[in-house]
Amino acid sequence: MNLQLSTEDERFLAEVRAFLHGALPEDVRRRALTPLHPPHEDDRRWWNRQLYERGWAAPSWPVEYGGCGWSPLRAHLFEQACCEAGAPELRWQGLRLFGPVLYTFGTAEQKARYLPGILRGDTQWAQGFSEPGAGSDLASLKTSAVRDGAHYIVSGQKIWTSEAHYSEMGFFLVRTDASVKPQAGLSMLIIDLRSPGVTVRPITMLHGDTAVSEIFLDQVRVPAENLLGEPGSGWTQAKFLLGNERTGGAETHHSRRMLRRVTALARTRLREGRPLIEDARIAARIADVGADLEALEWSVLRVLCGAPQRWAEAAVTSALKVRGSEIQQRVSELGMEILGFDALRQYGRDEGFASRDLAAGITADLLYQRASTIMGGAREVQKNIIAKLAFGL
Ligand SMILES: Cc1cc2nc3c(=O)[nH]c(=O)nc-3n(C[C@H](O)[C@H](O)[C@H](O)COP(=O)(O)OP(=O)(O)OC[C@H]3O[C@@H](n4cnc5c(N)ncnc54)[C@H](O)[C@@H]3O)c2cc1C
C-alpha cells in the first residue's frame, strides 16, 4: 500500500483549499466550528448550494448523476479539507445515504425527480427506519403500507429520526407484507413529510436541543410510484444504505477538528497561573487520544486505498464505526475535564453560535456524543457483527 499523495492529488488539494479560503465567510466558519447539535441549518443549505455551483456537492456520486465521480481517497481528502477549513457539515441523509440508494435502485423517473434537489440542497431528507420497538432488531418494524389502488396507506410510528423537523421528504422502511418472513416483507417508500396524516414531533435531547424527532403516520396516502424497486426489496436496500452509513461512521475529520479545539482550550486555560497543557497528565491524555485518532485515520485510509483485507467488509466498517464513536466520546470528555467547573455553564444555542469562546458547545457536545455509540447501529450490535464475520464466533 502506498499512501504517499501523488502530485495530482497534491494539486487537487491545493485547488480545494484555495476555493475554501475564498468561499467561506468568517461568521459561517465560526458557527460551523462551534460543536452544537444540530448544526446551523441555513448555513448548511447555503453551503450545499455553493458546493453545487462549484460542481462539488457529491464527491463520490457518479458523474452521470451530477456527482464528481472521485475516488474514495480523493473524496476523503476533500471532506478532510472542508472540515479543517471550518465548512458547515452537509446534511448526510440525502447526499450520503439516500442518494446512492436512489441512483442504484430507483427508476429513471424517481432519479430525475429527486436527485437534483438532493444535489442542490433544496430538499432535505430524513431516514425513517427505527421505531419504538425496532432499533437493533430493525426487521421487526411494524409501520404498515397497504396497497389501495394507485396508493399505499401508511400507518405507524418512527422514532429517533435525525433532523426530520428540518426535512421536507423521508425515505421510510415499511412493512408491505406481514405474511412472509420479517425481512422479506419490507419495502422502502418515499414519503413527503408535508402530507396529510404526517406529524413530526421534535424530541429534546440530553444536551438541551432537538436533533431527532418522532414521526407519526396516520393513514397517510402515498403514491405507489414512490416505492423503491419491487415490493419486498426494502431489506436489500436498507443493508446497502446501512453499509454506507457505517463506513462514514468513523467521523475522523470531526474528531480531529474537535481535538484541535480541545487542545487550544488547554493552551488558553490556566491552573495556578500556568496553561493546562503544561500539566503532564493533560498533555499525555491529549497525546494518547491524538495517537489513537491517527491510527484510526490510517485504518480508514487503508480501507479507502483498498488494501487487501482478510476480514469481511462489513466487519471492517463496523470496527471503524465502533472505534470512531468511542474516540468522539473521549475527545468530548477531555474537553469537559479541561473546562472543569466552567463546564457547568450552559450556552444557549444562539449564544453558542455567536460566541468566540472556545468553551462554547463543549458541554453540549459531550452530552450529545453519548449517542454516537448508539446511532447508526449500537456498539454491542456492531461487536456482534465483528465477532461473527471476522472471527467466526
Ligand atoms: C442521535 C440519534 C440519531 C438517530 N438517527 C436515526 C435516524 O435518522 N433514523 C433512524 O431510523 N434511526 C435513527 N436512530 C436510531 C438508532 O439507529 C437506534 O437507536 C439504534 O439502532 C439502537 O436501537 P434502539 O434505540 O431501539 O435500542 P435497542 O435496540 O432497544 O437496544 C438497547 C440496548 O440493547 C443492546 N442490544 C440490542 N440488541 C442486542 C444484541 N443482539 N446483542 C447485544 N446487545 C444488544 C443495544 O446495544 C443497546 O445498548 C438514531 C439514534 C440516535 C441516538
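Which residues does Trp61 touch, not counting residues up to four places away in sequence? The legends below begin with this residue.

**View 1. Surroundings of Trp61 in the predicted model.** Trp61 touches Gly67, Cys68, Gly69, Gly94, Leu95, Gly99, Pro100, Tyr103, Leu115, Ile118 and Leu119, a contact being heavy atoms within 4.5 Å. This is a predicted model, in which local features need pLDDT of at least 70 and side-chain atom pairs count only at pLDDT 80 or more, while totals for chains, interfaces and linings use all residues. Residues are numbered from 1 along each chain as its sequence is written, and side-chain values use heavy atoms, with hydrogens and water left out.

**View 2. The largest nonpolar core.** A nonpolar core is a set of buried Ala, Val, Leu, Ile, Met, Phe, Trp, Tyr and Cys residues joined through side-chain atoms within 4.5 Å; buried means under 20% relative accessible area, exposed over 50%, and partly exposed in between (1.4 Å probe, protein chains only). The largest such core has 51 residues, and Trp47, Trp61 and Phe98 have the most contacts inside it. At least two of its residues come from each of α1 (7–23), α3 (41–54), α4 (72–85), α5 (92–105), α6 (108–120), β4 (169–175), β5 (186–192) and α7 (234–247); helices (H or I, at least four residues) and strands (E, at least two) are DSSP runs, numbered from the N terminus. The largest share, 7 residues, is supplied by α5. Domain 1 (7–90) and domain 2 (125–230) each contribute at least three residues to this core. Another core, of 25 residues, lies apart from it and includes Leu259, Leu276, Val289 and Leu334.

**View 3. Val174 in strand β4.** Val174 lies in strand β4 and counts as buried because its relative accessibility is 0%. Its contacts, leaving aside neighbours within four places in sequence, are Leu141, Thr143, Ala145, Val154, Gly185, Leu186, Ser187 and Leu189. The C-alpha atoms of Val174 and Ser187 are separated by 5.5 Å, although the two residues are 13 residues apart along the chain.

**View 4. The interface of domain 1 and domain 2.** Domain bounds come from an automatic or database domain assignment, which gives domain 1 (7–90), domain 2 (125–230) and domain 3 (251–391). The interface holds 2 salt bridges, each defined as a side-chain nitrogen of Lys or Arg within 4 Å of a carboxyl oxygen of Asp or Glu. Glu168 and Arg45 form a salt bridge through their side chains (3.1 Å, N to O), and a network of salt bridges links Glu41, Arg44, Arg45, Arg91, Glu163 and Glu168.

View 5. Arg74 and Asp9 meet in a side-chain salt bridge (2.9 Å, N to O), linking helix α4 with helix α1 across 65 residues. Asp9 is buried, at 12% relative accessible area. Asp148 forms a salt bridge with Arg221, with the closest N and O atoms 3.3 Å apart. Asp148 lies in strand β2 (residues 144–148) and Arg221 in strand β7 (residues 212–223), so this pair ties together parts 73 residues apart in sequence.
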